[in-house]
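Hi,

Here is the structure you asked to look at.

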Protein chains: 2
Amino acid sequence: MPSAFRFVSRREGSILRTGEPMRAPYGLEIIENCMSCPHREDKLFCNLSAPAVQRLAAIASAAAYPKGATLFVEGQSPRGVFIICSGRVKLSTSSADGRTLILRISEPGEVLGLPATVTGMPYELTADVIEPAQANFISRQDFLLFLREHGEAALRVAQQLGETYHAAIAEMRTIGLSHSAGEKLARFLLDLAVDHDTSKGDIKLTLTLTHEEIAQMIGASRETVTRLFSDFKRRQLLQIKGSTLIIKNKVGLENVLSS
Amino acid sequence: MPSAFRFVSRREGSILRTGEPMRAPYGLEIIENCMSCPHREDKLFCNLSAPAVQRLAAIASAAAYPKGATLFVEGQSPRGVFIICSGRVKLSTSSADGRTLILRISEPGEVLGLPATVTGMPYELTADVIEPAQANFISRQDFLLFLREHGEAALRVAQQLGETYHAAIAEMRTIGLSHSAGEKLARFLLDLAVDHDTSKGDIKLTLTLTHEEIAQMIGASRETVTRLFSDFKRRQLLQIKGSTLIIKNKVGLENVLSS
DNA sequence: ATTGAGACGTGACCGGAATCACAGCCGGTG
DNA sequence: CACCGGCTGTGATTCCGGTCACGTCTCAAT
């Protein structure tokens, strides 16, 4: 295990914020050793050599972001990567007329801004914090230098990018290949259920997204999502209690795909 | 500049073919020195050290594919990467009920199957040859070994993946963020025009796709595409002569986006 | 307690585009 | 030539889902 680094508060990425200013208490109590959080292990920078890990710790700077903060904005030239330690971040793109498409909600352990940072092209998405988050920031310059010095890490980055691409294509399929909105919603829900235990009939999962957000993820209107949920509930396909969603009839839901 | 390698005819990737069997003449006249084709320079493996290039040449095997050949199929476990030397290859994904979504048409110089090969996940797309092609194949095993040995190449791969991702997101936007089909088609055409000289009024470009294929690229029906083309012609936005498309009024076309 | 903002639920309306169906067209091939 | 298969053009019809326009409910703040 690495000798992980300590709290640094350069507070990168808080330049462009849409929401309220960062509240004082944040950023103090929290971060001290983000690089050693459990998620790190099975994600991007596991199994690196000791020197590589140390170097990484040296160039990363931790910071906390309140709900509503924006890590980076679509079109902005890439400043670097963010490694999420906790919280949740929404990745979206939007058009001139205000319509928004949410690509995915990223969870702890993920690395954001990787494609842009590596290629030098502008960030292709906007990253908004929707649950108070801690993240390590690494500037583009430092990161590229690091990759050049550590080929092993470059390979890991390539793998990570491949996975991200894979996910993007999957998203694309649900949006582009289905005729009905119901199909899209069903696909979306089944995708969520993939990780969870699928053995017995009921699949329980927490869904902390508003109908509006779900709509933006599947490319539909808010009302349609609401109606579809009612419809699915009526057909005994699922139940909703607060932020808990229970899939009662998985096969039934799968049948929606091929209708 | 490298001492490039010579004709090898292992004929990789011809295992799964949808179309007619490979005709005899193909594969003979053609390849002799694919790695030294002009496209290579500004693409994936430029600026590598001499040993890296040599190694690359050693593990790559050239082959020719007729129209209709399939390099790889969605869902298949990754065999390796294909570096396109000439011809054009269609990358698509399709659903159970036969609907197809074309991601892009790749041109000489591109590397196909990279994400899958790097991550080990199944190919996420299907690659069909639509114009007789020559390509170098590198098996997954060889390729990964090569990347591990040459960190510089791994970094290049990461960049390439980043760009591919970028393109995918762009595609996503045109499909997901536009209300009307007209908007999608206009976006598609303007994307094509990006590379071409944009200075004076008329932009001339060759479009060797059927309406059907265009429809599958923008997520619309064939009839709609036909109708939209008639419509655009009527409105003097463009002209079509054979496989040549001339954009007469670029700003007019751009106005379609925000209507 | 009152207010107000945001999320959810539903009805009515209507337009865009998918679908079906068929008619010209053009380029191959026997 | 005559034939055929794939591509293109166009009409008629249908219906999904976006949009508008409300009403309800919850929760937080004053």
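At what angle do α6(B) and α8(B) pack, and how far apart are their axes? The angle is about 75 degrees, and the axes are 10 Å apart. (Axes are lines fitted to C-alpha atoms, for helices over the stretch in contact, and angles run from 0 to 180 degrees between N-to-C directions.) The helices α6(B) and α8(B) are therefore roughly perpendicular to each other; that label covers 65 to 115 degrees, while under 35 counts as roughly parallel, over 145 as roughly antiparallel and the rest as oblique. On the α6(B) side the contact is made by B:Ala181, B:Gly182 and B:Leu185, and on the α8(B) side by B:Thr224, B:Val225 and B:Leu228. "In contact" here means that the C-beta atoms of two residues, placed from the backbone, lie within 7 Å. By class, the residues of this contact are four nonpolar, two polar and no charged. For the classes, Ala, Val, Leu, Ile, Met, Phe, Trp, Tyr, Cys and Pro are nonpolar, Asp, Glu, Lys and Arg are charged, and the others, Gly among them, are polar.

Before going on, a bit of housekeeping. This is a predicted model, where local features need pLDDT of at least 70 and side-chain atom pairs count only at pLDDT 80 or more, while totals for chains, interfaces and linings use all residues. Residues are numbered from 1 along each chain as its sequence is written, and chains are lettered from A and ligands numbered from 1 in the order in which they are written.

Now for chain A by itself. It has nine helices and nine strands, which are DSSP runs numbered from the N terminus (helices are H or I with at least four residues, strands are E with at least two). Of the 259 residues in chain A, 42% are buried. A residue is buried if 20 or more other C-beta atoms lie within 10 Å of its own, exposed if 12 or fewer, and partly exposed in between, with C-beta atoms placed from the backbone. Take contacts in chain A between residues at least 6 apart in sequence: 75% of them join residues at least 24 apart.

- A:Ser61 sits in strand β1 (residues 61–65) of chain A and is buried, with 21 other C-beta atoms within 10 Å. Its C-alpha atom is separated by 42 Å from that of A:Phe229, which is 168 residues away along the chain.
- In α7(A), the buried residues are A:Ile214, A:Ala215, A:Gln216, A:Met217 and A:Ile218. Their cover includes β4 (100–106), α5, α6 and α8 of chain A. After α7(A) comes A:Gly219, with a positive phi near 70 degrees.
- A:Gln236 is in the loop between α8 and β8 (238–241) of chain A. This residue has a positive phi of about 65 degrees although it is not a glycine, and it is exposed, with 10 other C-beta atoms within 10 Å.

How do the two chains fit together? A rotation of 180 degrees, with 0.0 Å of shift along its axis, superposes chain A on chain B with an RMSD of 0.1 Å. So the two copies are related as by a two-fold rotation axis. (The superposition is by least squares on the C-alpha atoms of residues with pLDDT of at least 70 in both copies.) Between the chains, 35 residues of chain A are in contact with 35 residues of chain B. On the chain A side, α3 (114–119), α4 (140–149) and α5 (151–176) each give two or more residues, and the largest share, 18 residues, comes from α5(A). That side has 18 nonpolar, eleven polar and six charged residues. The copies meet through the same surface, because 100% of the interface residues of chain A are also interface residues in chain B.

Last, the DNA. Which residues come nearest to DNA strand C? Of the 16 around it, they are A:Thr210, A:His211, B:Ser180, B:Ser221 and B:Thr224. (A residue is near a strand if its C-beta atom, placed from the backbone, lies within 6 Å of it.) The elements giving two or more residues to this surface are α7 (211–218) and α8 (222–234) of chain A, together with α6 (181–193) and α8 (222–234) of chain B. The largest share, five residues, comes from α8(A). For DNA strand D, the nearest of the 16 residues are A:Ser180, A:Ser221, A:Thr224, B:Thr210 and B:His211, and the largest share, five residues, comes from α8(B).

Cheers
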